[in-house]
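Subject: Structure handover and notes

Dear colleague,

I am passing on the structure that you will find just below, and after it I set out what was found. Please read the notes with the structure open beside you.

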Amino acid sequence: MYLELFKLKELPFRLSPDPQFLFLSKNHSRAKAYMESTIWFTDGFVVITGEIGSGKTTLIETFLRELEHDVVVAQINQTQVSAIEFLQSVLVQFGFQPFRMRKAELLATLNQFLIEQHAAERKVLLIVDEAQNLSERVLEEVRMLSGVETTKEKVLRIILAGQPELNDKLDAPELVQLAQRVRLRFHLTALSREDAEGYIRHRLEVAGAHGREIFAPDTFDALYRYTGGTPRLINTLCDTAMIAAYSADRDTVSIEDISSAVEELNWSEHLGRTARQRQLGTDGLQPMANDPSAPVVGRLHLITEGKQILELPLRTGRTIIGRTTDNDLQIDSRFVSRHHCQIISTQSLCVIEDLNSTNGMYLNRHRIRRHTLNHGDEIVLGKHSLRYSDDRIASVPEQSATSPSVRSG
């Protein structure tokens with residue numbers, strides 16, 4: 001959209017976890033070092049926590065990309081599962097077809113696989129993202145798996161990553177045996193003011209800035225005030241500000257563009273916003289695109305097997321759609337990626353953009369990357385479709401959508 005104006009080769013502030021854009025702050029470097037330690041030490045596992053948008057998944061993807069070839073990895077991202085489903089998911093990652101196995105068979109197959117890999121001098125690593133959603137019974141299975149050993153050492157390395165509630169879960173009296181197996185814990189905090197500026201400059205440089213000042217020097221303080229140093233919020237605000245500059249045909253983002261983006265997103269300063277959310281009992285980073293005070297510009301109708309499942313009002317700002325609970329619209333389906341796509345809504349238009357999803361999105365049977373939505377467009381995501389209606393040209397009765405999520409196969 002704005003690449004040509006800013007002379008960039010790719011979009012610098014996508015929300016999808018791309019390892020080449022990883023900015024290693026002091027905290028991120030330390031968390032990565034803890035992950036790397038699991039390869040060399042097998043006496044317990046590592047727990048990495050952080051708020052939504054703090055960069056955990058990007059860190060994991062970077063860590064995985066750098067692993068040696070003698071490491072066999074199972075990466076689990078779907079964590080709202082039963083104990084049996086969890087064990088099946090692990091075995092699927094290791095190349096098995098375990099769906100007709102009973103629990104005893106699942107455990108025996110896993111144990112045998114781990115021992116065989118150890119005999120072949122291969123290291124086996126299990127990474128569970130969004131681990132705060134694991135039930136107590138599934139976490140007990142994780143503990144049991146961590147105990148598989150030869151006469152000399154444990155044979156499965158484990159990393160659990162998740163939101164801060166994971167620590168609360170691990171500290172529960174019922175999971176004391178599991179907590180005792182944790183060798184290292186680390187919490188990813190937000191970026192400092194200096195690191196936030198470094199993060200923005202780094203992403204621009206990776207995208208092809210070649211040292212050019214795309215953001216004016218006086219914008220960084222404002223960017224930090226409104227994002228609190230949370231990487232995902234920085235991406236959202238920077239991208240929206242670049243769109244504002246593009247609309248004004250400017251190749252440098254000014255403080256006026258930041259103000260315009262903040263107004264469009266309907267954000268307040270980060271400290272005030274998070275304080276209000278804590279007072280309301282929310283989990284720290286509620287999607288601002290669905291702030292009830294923002295005007296409704298359109299609606300998404302989630303359609304499954306020809307039936308409307310729910311309706312979500314689109315307000316000015318950004319709406320993220322994907323499989324996990326941290327999305328504005330959750331579609332819990334194996335055909336939908338963790339963060340599948342986003343919709344950027346302004347007073348004049350709504351644009352949908354693929355976030356490097358596995359299965360893509362389709363309009364009229366053609367795969368699309370980015371598309372300005374027109375009234376009546378139906379975007380297909382796997383078994384589901386999103387029908388768009390524009391409130392500026394159509395009057396659509398608003399239905400209740402207090403819990404915008406759906407689960408399917």
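R250 has a relative accessibility of 34% and therefore counts as partly exposed, and its side chain meets that of D257 in a salt bridge whose N to O distance is 2.3 Å. D257, by contrast, is buried, with a relative accessibility of 2%. Elsewhere, salt bridges that share partners bring R193, E197, R201, E213 and D221 together in one network. Please keep in mind throughout that this is a predicted model, so that every value here is computed from predicted coordinates.

In one of them E66 pairs with K32, with 2.7 Å between the closest N and O atoms. Because E66 sits in the loop between α3 (56-65) and β2 (71-76) while K32 belongs to helix α2 (residues 26-40), the pair ties together parts that are 34 residues apart in sequence. E66 is partly exposed at 46% relative accessibility, whereas K32 is buried at 9%.

The other joins the side chains of R338 and E130, at 2.9 Å from N to O. This pair links distant parts of the chain, 208 residues apart, with R338 in the loop between β9 (329-332) and β10 (341-345) and E130 in the loop between β3 (123-128) and α6 (136-146). Are R338 and E130 buried or exposed? R338 is buried, with a relative accessible area of 12%, and E130 is buried as well, at 3%.

Turning to the confidence of the model, the protein averages a pLDDT of 86, and 89% of the residues score at least 70.

As for the overall fold, the secondary structure comes to 13 helices and 17 strands, and buried residues make up 54% of the 409 residues in the protein. Of the contacts with a separation of 6 or more, 65% are between residues 24 or more positions apart. The accessible surface comes to about 18,700 Å², and 49% of that surface belongs to carbon and sulfur atoms.

Helix α4 (residues 83-93) and helix α5 (residues 103-119) have axes that come within 10 Å and cross at roughly 35 degrees, and the crossing of α4 and α5 is left-handed. Where the two helices meet, α4 contributes I84, L87, Q88, V90 and L91, and α5 contributes K103, L106, L107, T109 and L110.

E205 is in helix α9 and counts as partly exposed, with 39% relative accessibility. E205 and L8 are 197 residues apart in sequence, yet their C-alpha atoms are 8.9 Å apart in space. Which residues is E205 in contact with, leaving aside its neighbours within four places in sequence? They are H210 and G211.

H210 is also of interest for its backbone: its phi is near 55 degrees, a positive value in a residue other than glycine. H210 is placed in the loop between α9 and α10 (220-227), and at 67% relative accessibility H210 counts as exposed, because that value is over 50%. D249 likewise has a positive phi, near 60 degrees, and is a residue other than glycine. D249 lies in the loop between α11 (231-247) and α12 (255-265) and is exposed, with a relative accessibility of 61%. For context, most residues other than glycine have a negative phi.

Notes. Residues numbered from 1 in each chain as written. Predicted model: local features only at pLDDT ≥ 70, side-chain atom pairs only at ≥ 80, totals over all residues. Heavy atoms only, no water. pLDDT = per-residue confidence, 0-100. Helix = DSSP H or I, 4+ residues; strand = E, 2+ residues; numbered from the N terminus. Buried < 20%, exposed > 50% of the residue type's maximum accessible area, 1.4 Å probe, protein only. Contact = heavy atoms within 4.5 Å. Areas by Shrake-Rupley, 256 points an atom, 1.4 Å probe, with all protein chains shown as cover. Salt bridge = Lys/Arg side-chain N within 4 Å of Asp/Glu carboxyl O. Axes fitted to C-alpha atoms, helices over the stretch in contact; angles between N-to-C directions. Left-handed = near helix turned anticlockwise from the far one by under 90°.
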